[in-house]
Number of protein chains: 2
Amino acid sequence: MKLFAREGYAAVSMRRIAAEVGVQAGALYNYTPDKQSLLFTLMHDHMQALLAAVPGDPKADPLARLETFVAFHIRYHHDRPDEVFISYMELRNLTPENFAVIEDLRRRYEDVLESILRDGMAAGRLHTPDTKIATLAVIAMLTGVSTWFREGGRLSLEDITARYWDMVRGAVGVRAQ
Amino acid sequence: MKLFAREGYAAVSMRRIAAEVGVQAGALYNYTPDKQSLLFTLMHDHMQALLAAVPGDPKADPLARLETFVAFHIRYHHDRPDEVFISYMELRNLTPENFAVIEDLRRRYEDVLESILRDGMAAGRLHTPDTKIATLAVIAMLTGVSTWFREGGRLSLEDITARYWDMVRGAVGVRAQ
DNA sequence: CTTTCTAATGAACAGGTGTTCAGTTATCTG
DNA sequence: CAGATAACTGAACACCTGTTCATTAGAAAG
């Protein structure tokens with residue numbers, strides 16, 4: 001995972017992976033049928049864990065759920081930079097069948113946010129003309145944090161989360177109280 | 001560019017590039033000193049063209065400039081999917097020196113948006129506690145369009161641009177008139 | 001201590017990698 | 001037309017690629 005994240009799937013050889021864990025290349029094939037499965041397993045495990053971890057209580061207040069989602073997304077992605085990086089960068093190195101599986105999991109994650117936005121609309125707590133577009137925009141915005149945030153900078157992750165919560169509220173038309 | 005965008009720098013060989021343009025691999029070296037320069041030139045040209053094309057009249061109304069920037073970013077990136085994809089995905093395949101050059105150009109592009117936000121704040125037309133964070137959030141949000149937008153879908157690029165202009169306004173705290 | 005089972009090695013396979021360069025072919029100039 | 005310049009080929013270099021497999025080493029069980 002470290003090597004794939006740092007240098008990319010195509011640029012890392014099985015021999016390098018083997019050296020990293022202290023064996024010869026042949027030994028890897030006791031654990032994976034091939035290199036492709038290695039990549040797919042990393043991405044699949046990550047997406048499964050993401051879906052299992054995302055909080056989603058349909059009975060709670062939509063705005064509270066939205067705030068929870070924003071904080072969750074930023075924190076979860078921040079804590080797993082390698083997994084996140086691979087899952088966004090190495091999609092094109094998956095076989096079509098494997099790609100379809102990951103795409104489906106990703107869509108299900110997006111659906112969590114879109115449900116929140118739809119419930120928020122129904123409850124009149126927010127106003128956005130297109131919940132699908134808003135979902136994609138919010139996720140792109142939040143995921144962007146992991147491309148530039150580094151510990152020890154001007155702002156803490158809590159500061160960042162507060163700023164993004166402001167921006168998300170504005171973007172999806174939450175009226176001031 | 002097509003091959004790098006579609007399959008990735010590391011996965012494409014000089015022989016494949018040569019075949020694509022109808023020559024032998026050796027002939028490519030009449031035009032580029034090495035493969036790395038090929039990648040760097042693509043990215044460098046793209047970033048230079050982007051910076052040359054971005055509209056930025058400092059005397060105009062900040063809100064009008066912001067709307068222009070949003071429409072420009074979406075349109076410009078939509079029209080150059082391969083360049084955009086390479087410039088975001090292949091950063092790690094640049095040598096450190098080349099990476100620094102591209103990073104600098106990217107920062108200069110971000111500065112264009114941040115200037116607009118700062119002027120908007122000074123003019124009291126928008127309200128965002130951190131223009132740097134807002135800049136990164138807005139650019140991530142807008143760039144995300146090119147990862148999912150396909151011609152002929154439910155919405156036209158003009159529809160999308162209108163929705164994103166709504167969301168950007170909300171995100172950076174533009175008060176309703 | 002021997003047998004059984006698991007796990008790792010290291011060589012081999014068939015092919016691919018970026019890059020160089022002497023030699024050939026094509027194009028342009030006078 | 002000949003001469004000069006430019007462009008391209010194709011072989012070569014030294015090495016790396018994912019994957020397989022007979023053989024060896026290590027650990028667990030009886």
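Modeller: Helices (H or I, at least four residues) and strands (E, at least two) are DSSP runs, numbered from the N terminus. Read in that way, the elements of chain A run α-α-α-α-α-α-α-α-α-α from the N terminus on, which comes to 10 helices and zero strands. The model is a predicted one, in which local features need pLDDT of at least 70 and side-chain atom pairs count only at pLDDT 80 or more, while totals for chains, interfaces and linings use all residues. Residues are numbered from 1 along each chain as its sequence is written, chains are lettered from A and ligands numbered from 1 in the order in which they are written, and side-chain values use heavy atoms, with hydrogens and water left out.

Turning to the interface, 33 residues of chain A are in contact with 33 residues of chain B, contact meaning heavy atoms within 4.5 Å. The area buried between the two chains is about 2,500 Å², and carbon and sulfur atoms give 68% of that area; buried area here is the accessible area (1.4 Å probe) that two parts lose on being put together, summed over both. Of the area that chain A buries against chain B, Arg92(A), Ile133(A) and Met167(A) supply 26%, more than any other three residues.

On the side of chain A that touches chain B, α1 (2-7), α6 (81-89), α8 (131-143) and α10 (157-171) each supply at least two residues. The residues of that side divide into 20 nonpolar, four polar and nine charged, with Ala, Val, Leu, Ile, Met, Phe, Trp, Tyr, Cys and Pro counted as nonpolar, Asp, Glu, Lys and Arg as charged, and the others, Gly among them, as polar.

How the two copies are placed can be described by superposition, which is done by least squares on the C-alpha atoms of residues with pLDDT of at least 70 in both. Chain A can be laid on chain B with an RMSD of 0.0 Å by a turn of 180 degrees and a shift of 0.0 Å along the axis. The two copies are therefore related as by a two-fold rotation axis. The same surface serves both copies, since 100% of the contact residues of chain A recur in chain B.
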